[in-house]
Amino acid sequence: MSENKLSSNGKYALELQDLHCFYGNFRAVKDVNLKIERQKITAFIGPSGCGKSTVLRSLNRMNDLIPGAYVKGKILYHGRNLYDAAVDPVEVRRRIGMVFQKPNPFPKSIYENVAWGARINGFKGNMDDLVEQSLRQAALWDEVKDKLQQSGLGLSGGQQQRLCIARAIAVKPDIILMDEPCSALDPIATLKIEDLMRELVQNYTIVIVTHNMQQAARASDYTAYYLMDRTDRAGSLVEYGPTQELFTNPKDKRTEDYITGRFG
Amino acid sequence: MSVETKPAQPGSYPEDKDLARFIQFRNFNATFWRVVFISSLVISLIALLALLYNVVNEAFGLTAVENQIEPETLVLRLQEADMLEVAVLSSEDDNDLAAGISGNPNAIGFFGYAYYKANQDKLQALMVNGIAPSAETAESGEYPIARPLFIYSSPQIMNKKPQVAEFINYYLTHVNDEIDDVGYFAATTASLDSAKATWLKAQNQTGAALPAVNPAAVEGKVLVAGSSTVFPLTDRLATRFTEAGYSGEITVDNIGTTGGLRQFCVEGKADIANASRAINTLERAACRGKGLEVAEFRVGTDALVVVVSRENTFLKNVTVEQLQKIFTEAKNWSDVDPSWPNTPIERYIPGADSGTLDFFTETIYGGVELASLPKDDLVEIIATTQDPQGKKLLVSKGKLRQLENEQLFYEDKFLTLDPDKHAQECAGAEPPARCSLPARDQENVYALVQEFVVAPKVVATWPLVDSLLKREAIVAEAAEKFPNAEVEFRSWITPDFVRKPQASDPALAGVRTAILGSLWTIAITILVAFPIGVGAAIYLEEYATGTANPLLRRINTIIQTNINNLAGVPSIIYGILGLAIFVRLFEPFTSGAALGAAADPTTANGRTIISAGLTLALLILPVIIINAQEAIRAVPLSLRQAGMALGATKWQTIWAHVLPNAIPGILTGTILAVSRAMGETAPLVVVGASTFITIDPDGIFSKFTTLPIQIYQWTARPQAEFRNIAAAAIVVLLILLLSMNALAIILRNRYSRRLS
C-alpha cells in the first residue's frame, strides 16, 4: 500500500461500518457504526467488558495478534477497508499508532526507543532531529535531553508514557490510539498527558479509551458510549456524539445512568 | 448487586484457646517445611562434597615408584667404566697399587687408610678440599671421602634377647682393639661414649660406664646382617665374643647396608644391622611400623686416602672437582691445573668388584645428575645398560633400531642403521620422517633413558586422606612389599597430564587427545544445536501459536509434546540413532570421503568427530528448544505489542526485542545442555569413540576420544593407578566445564547488563 492511496482530505479519519468483532466463536462486539473525525479527540467510554478496547484494537489491526480474533464489517480509512485482503496490517499500524495502558518502553536507551520505529520503517532523514522533535512534541525533551543514552526504564511512569507517545509519533502516524493511557498514572501525570493530547490533536487524530469519565469530559471532542448486551454478552455502541452534548444531554437512558454514576 | 453483609457468627473463626492452638499448629507447619527445604539443600551440598572428596582423594596421594634401575646407579656405572678405562692399573690387591704408585711422581691412587699407614714411608696422603684425613676430620665429615660405620639395633630386641645386648656391649667395649687392624678410623671418644649411653638407656640402666661383659652368661642366637664395609669389623668382634666364652651361635651376613636394614626393620630376620650410612627416615618409619625403636651405635669411620708417591712434589691438596677430572677426563696433570707438570697422569685404582671403587665414585661423582650427562653418555647408557641380573640389554637391538628409525641419534653416525641404506631411503620417493628430522638432542635422549632404562613404575598408590593421616603405616607397608620402591607424594594432575596423549602406562598417560576431542565435538554440537534449537523455539513460540487453524494447532501440539518427551529419552538411544544415521547411512559424508577430506582414506569410516558432534547435538536439541521456549515466553507481551504497534513486522520485533530479552535465558539453558553433552559417555561409546588414541584430532573427520570416554575406559581397568588418573581426568573435566560455564555466564551477564 503506497502513500497516496492512504492520504486524502476527507472529514473523517475512520469510518466503522457494521463492525462485529469476534474471538473465535464468541462475538465480543456487535454492529458498531461510527465516524471518527479528523484531528479531534474521540473518547470511548463504558463499563468493563463493553468492547471499547476491542473496537480500539481493531482500528489498527492489533487484534490480529490474538489467535482466533477476526472482524466482520468494514473500517474505512481514507475510503479503503483496513481489512481488505490486499492491505498489509504492518503498514496499517505504522499509519495508526498505539499507546498502551501500561507504559511499555523498550529496555533500551531513550534515544533508541524513539529511533527504532523510524529506523525499521526506513527513515532516511536526520535521526537526531527526529528524536528531538518527537520528544519535544511529547513534552518530554526538557526532562530527558541530558540523558538520551540512559535506559527508558529509568524514567517515572508518566515520563515513560510520554516516551511511548514520542515513540508513536516518531513514525509520523495519522491516528494515535490510546488504550487507557493514564490508568497507571497519578493525577499530575494524568493532567500532563491530557495537556499533551490537546497539543497533539492539532496534528493528529486521537482515539482514546478511558474509564475516567472526567477525563473524557475534559479532554475529548467526541464521546462514544459502549455497553454490554446482557443477552448475548456482546458489546455495542449505545450513543455517540459531541462530548458536550453527550454529557449534558444524553439521548439514551442507559447513557444517562452511566454518566451520572447511577450504574455500575 | 450489593453484597449482603452479615455479622460474623460466633464460632466461625477460632478464638481464645482454639486460636492459640491454631496459630501454634500453623507456625509448626511453617517451621516443618522450612526444615525440609534446608535439609534438601544440606543433602545436595553433602552429595556435592562427597563427590569432590572422592575425586580429590584419588587424584592426589602417596605412590610407591619402582625404578628398573636407579638413575644414580647409571651415573656411577658410567663413571666407574670411565675410570677403569683410563686407569694404568686396576687391582683388588691394594699392595699392587701401593707398589705401583711408590717412586712414580706422575702416579695417583686411592685406598683405605690402613694400607696408606702401612706404606707411609713411600706414599703421601693428599688433603682433599684442604682437609687432611684423620680420625677427627673423617668422623665430623669435614674430610669428604669418608663414611660413618654404624651398627643398629633396638631396645625391644635387646630386652627380648639379652645375648644381643651383651654382644653390643662387648662390641662397644672392644671395637677400638680391632679397628686399626681392619683399616678404619676409630670413633672419637665422644661418639663412642654417646653410643654407650644409648646402650644404657635402651637397657634402662643408669651410670656412665657399661657393665662388665660376660659372654659366657648368655646363650641363644645373634643375627647380624648388613654392610660389607662394617662386615670385617663385626666379624672380628664376633669371633672374639665366641672365643671369650659365648656358647650360642652368632652369624654375620654381608648383604649391604640397605639389605641389612631391611632384614632388621621389615623382615625381622636380623637383630643387628651393619650400616655404612645413617638410617633414613623411611627406614626409621618402617621400623616404627614394626614396633621397633631404633638404637644407633657409631663404631668408627671409613675414609679413603688419595695418595701420591713421596717423589711427587706438586700435589699436596686437591679439590673434589679436580679429583673428578684427574680420574677420568684429564690426560696430563696440566689439563687439571696449568701449574702442574705437563706429564701424563697414571692412575692406580681398586678393581671393579671392590666396594672401595664404588665408594670413591659415589663420593666424588655422587652429585652428578643423570639429566645433566652429555648426550654421548646417555646414548651409551641406552645402548649398553643391562638388566639388574646382567642377562640382557634393557633396550634390545631391535628396539634401538626402531628408535633410530624414528629419529636418528646422530647426524653423522649410526648405531644400528646401514648408512648406505639410509642414504638410499632418503633419496627415494617416500623418504621416512627421520630424513627430514634433526638428530635427537640431549633432552630427547634423556627422555628415552627415562622411559626405557630407568622406567619408573608405579607399583602402589594410596588415597589422599590415608596418605595424610596414616603416612607411617603406608611407608612401613611399602617398605615391606616393595623394598626397591621409593614412596613419594604425587599429584596425578600435572601439566604433563594435560599435555601428554594417552599411553598404556598410567604414569605417562595424559588427556591432551581427549581434551581436544571433547572441545572439537562440543564445538560441532554447539554450532548445530544452538541455531536449530533457538530457531525451533522461535517458531513454536512466536509463529505456531498465532494460528487459529485447528489442524495446525493440533500438529503444533503434537510437535511440542514430542519435543518434551524427547528430552527424557535415555542418551544411549541417541547413540544408537547416531550410529544408524550419521555413522552408517551418511558414512561417505561423516567420514569425509565424499568431500575428499577423509583423515585416512583407507580406513575412513563414519566414527568421526562430526558424527559424535551431530549425535550430541540431537541429544541436547530438545533441552535447548524447551529452555529457549521458556525464555521467549517470559518476554512480556507488551514488548511485542509495542514493537508491532510501531509498524514493525513480526520478524523485526522478534529480532530487536524478543530475542535480546530472551537471550540470557536461552544461554542459561544452552549452558546446561552443553554441560550435559560435555559429560556424555554412553551415546559416544555407541557412536564409536576410540578408547585408545594417541593422535590429536585435527579436524571434524578425525577419529576421536573425549574426556568422559577416557575416564570411563580408565575406571574399567583393573590396575589401581588407572583409578588415580581417572580421578585426575575427572578433575580436568570439571575444571574444563566450570571454565566454559564461567565464560558463558560472564558473556551472558555482560550482555544482560548492556540491555538494561
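1. The model is a predicted one, and the totals for interfaces use all residues, whereas local features need pLDDT of at least 70.

2. Elsewhere in chain B, helix H22 (residues 512-543) and helix H26 (residues 609-633) form a helix pair whose axes come within 6 Å and cross at roughly 35°. The crossing of H22(B) and H26(B) is right-handed. In the contact of H22(B) with H26(B), 23 residues are nonpolar, six are polar and three are charged.

3. Chain B also contains an open sheet of three strands, in the order S14-S1-S15, in which the pairing is antiparallel. Strand S14 (457-461) and S15 of chain B are the edge strands, each pairing on one side only. On average, and with direction ignored, neighbouring strands of this sheet are turned by 40° against each other. Between strand S1 (residues 60-66) of chain B and S15(B), the antiparallel pairing extends over seven bridges, and within it Leu62(B) has Phe489(B) of S15(B) as its bridge partner. Helix H20 (residues 471-481) of chain B lies across S1, S14 and S15 of chain B, and it runs at about 135° to S15(B).

4. Is Arg490(B) buried or exposed? This residue is found in strand S15 (residues 485-491) of chain B, and Arg490(B) counts as buried because 20 other C-beta atoms lie within 10 Å, the cut-off for a buried residue being 20 or more. Once its neighbours within four places in sequence are left aside, Arg490(B) is in contact with Gly61(B) and Thr63(B). Arg490(B) and Leu62(B) are 428 residues apart in sequence, yet their C-alpha atoms are 5.8 Å apart in space.

5. In chain A, strand S8 (residues 205-209) deserves a separate comment. Since five of the five residues of S8(A) are buried, the strand is largely enclosed by the rest of the structure.

6. The pairing of S8(A) involves two strands that can be described in turn. Strand S3 (residues 41-45) of chain A runs parallel to S8(A) and is joined to it by four bridges, with Val209(A) in S8(A) as the bridge partner of Phe44(A). Strand S7 (residues 175-179) of chain A also runs parallel to S8(A), and here five bridges join the two strands; in this pairing, Ile175(A) stands opposite Thr205(A).

Notes
Residues numbered from 1 in each chain as written. Chains lettered and ligands numbered in written order. Predicted model: local features only at pLDDT ≥ 70, side-chain atom pairs only at ≥ 80, totals over all residues. Buried ≥ 20, exposed ≤ 12 C-beta atoms within 10 Å, placed from the backbone. Pairing = 2+ DSSP bridges. Axes fitted to C-alpha atoms, helices over the stretch in contact; angles between N-to-C directions. Left-handed = near helix turned anticlockwise from the far one by under 90°. Nonpolar A, V, L, I, M, F, W, Y, C, P; charged D, E, K, R; others polar. Contact = placed C-beta atoms within 7 Å.
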